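Kindly keep the sequence and the structure in view while reading.

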Amino acid sequence: MSESRILVIDHKRSNQELYTKLAERGYQVYVHMNSEDIDEQIQSIRPQALILDAALPGFNALEFCRAHSERMPHVPALLVAERVEPMLREWAHSMGILDLLSRNPDELASLVWRVDGIIRERRS
């Protein structure tokens with residue numbers, strides 16, 4: 001998986017340990033604490049997956065994902081939010097977000113496995 005690049009845009013320092021686990025699994029993980037130049041970052045890094053913080057100040061992650069899924073449907077996006085209600089999950093999927101995770105530690109722990117599955121599925 002060493003050639004698989006994951007671009008993370010997340011301002012919560014508490015999640016950095018989780019992203020370190022992705023790196024330990026062999027992913028090249030690029031973590032940015034803000035959304036500045038996100039399109040340029042995507043073009044430069046050419047990630048196999050995006051992980052976005054739904055609560056980035058001054059950034060509408062849902063709208064970005066809708067536009068992103070139209071421009072780059074081959075790069076799946078996962079969104080991390082404080083709370084995930086069933087209706088929000090449905091709406092997120094309709095906006096092109098592959099998966100929506102809450103910041104609940106148990107659900108975030110499954111992020112590594114979800115990324116593994118997404119990368120594996122995209123390769124086949």
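**Note on the structure**

1. Asp 10 lies in the loop between strand E1 and helix H1 (16–24); helices (H or I, at least four residues) and strands (E, at least two) are DSSP runs, numbered from the N terminus. This is a predicted model, in which local features need pLDDT of at least 70, side-chain atom pairs count only at pLDDT 80 or more, and totals for chains, interfaces and linings use all residues. Residues are numbered from 1 along each chain as its sequence is written, and side-chain values use heavy atoms, with hydrogens and water left out.

2. Is Asp 10 buried or exposed? Its relative accessible area is 0%, so Asp 10 is buried; the term means under 20% relative accessible area, while exposed means over 50% and partly exposed lies in between (1.4 Å probe, protein chains only). A polar atom of the Asp 10 side chain lies 2.9 Å from the backbone nitrogen of Lys 12. Beyond its neighbours within four places in sequence, Asp 10 is in contact (heavy atoms within 4.5 Å) with Asn 15, Gln 16, Tyr 19, His 32, Met 33, Asp 53 and Arg 103.

3. The sheet deserves attention next. Five strands form an open sheet in the order E2-E1-E3-E4-E5, and the pairing is parallel; two strands pair if DSSP finds at least two bridges between them. Strand E2 (28–32) and E5 each have a single partner strand, so one side of each is left without a neighbour in the sheet. Parallel strands E1 and E3 are joined by four bridges, and Ile 9 has Leu 52 in E3 as its bridge partner.

4. The largest nonpolar core has 23 residues, of which Ile 38, Ile 42, Leu 50, Leu 52, Phe 64 and Leu 79 touch the most other members. Such a core is a set of buried Ala, Val, Leu, Ile, Met, Phe, Trp, Tyr and Cys residues joined through side-chain atoms within 4.5 Å. Two or more residues come from each of strand E1 (5–9), helix H2 (38–45), strand E3 (49–53), helix H3 (61–71) and strand E4 (77–81). Which element gives the largest share of this core? That element is H3, with four residues. A second, separate core of 17 residues includes Leu 18, Tyr 27, Leu 78 and Ile 119.

5. Ile 97 is found in the loop between helix H4 (86–94) and strand E5 (99–102). Its relative accessible area is 2%, so Ile 97 is buried. Not counting residues up to four places away in sequence, Ile 97 touches Leu 62, Cys 65, Ala 77, Leu 78, Leu 79 and Ala 92.

6. How many salt bridges does the structure hold? There are four, a salt bridge being a side-chain nitrogen of Lys or Arg within 4 Å of a carboxyl oxygen of Asp or Glu. One of them joins the side chains of Lys 12 and Glu 82 (3.3 Å, N to O). This pair links distant parts of the chain, 70 residues apart: Lys 12 is in the loop between E1 and H1, and Glu 82 in the loop between E4 and H4.

7. Another salt bridge is formed by the side chains of Asp 39 and Arg 71 (3.0 Å, N to O). Asp 39 lies in helix H2 and Arg 71 in helix H3, so the pair ties together parts that are 32 residues apart in sequence. Asp 39 is partly exposed at 37% relative accessibility, and Arg 71 is partly exposed with a relative accessible area of 46%.

Technical notes
Polar contact = N/O pair within 3.5 Å; in protein donor to acceptor, adjacent residues only side chain to side chain.
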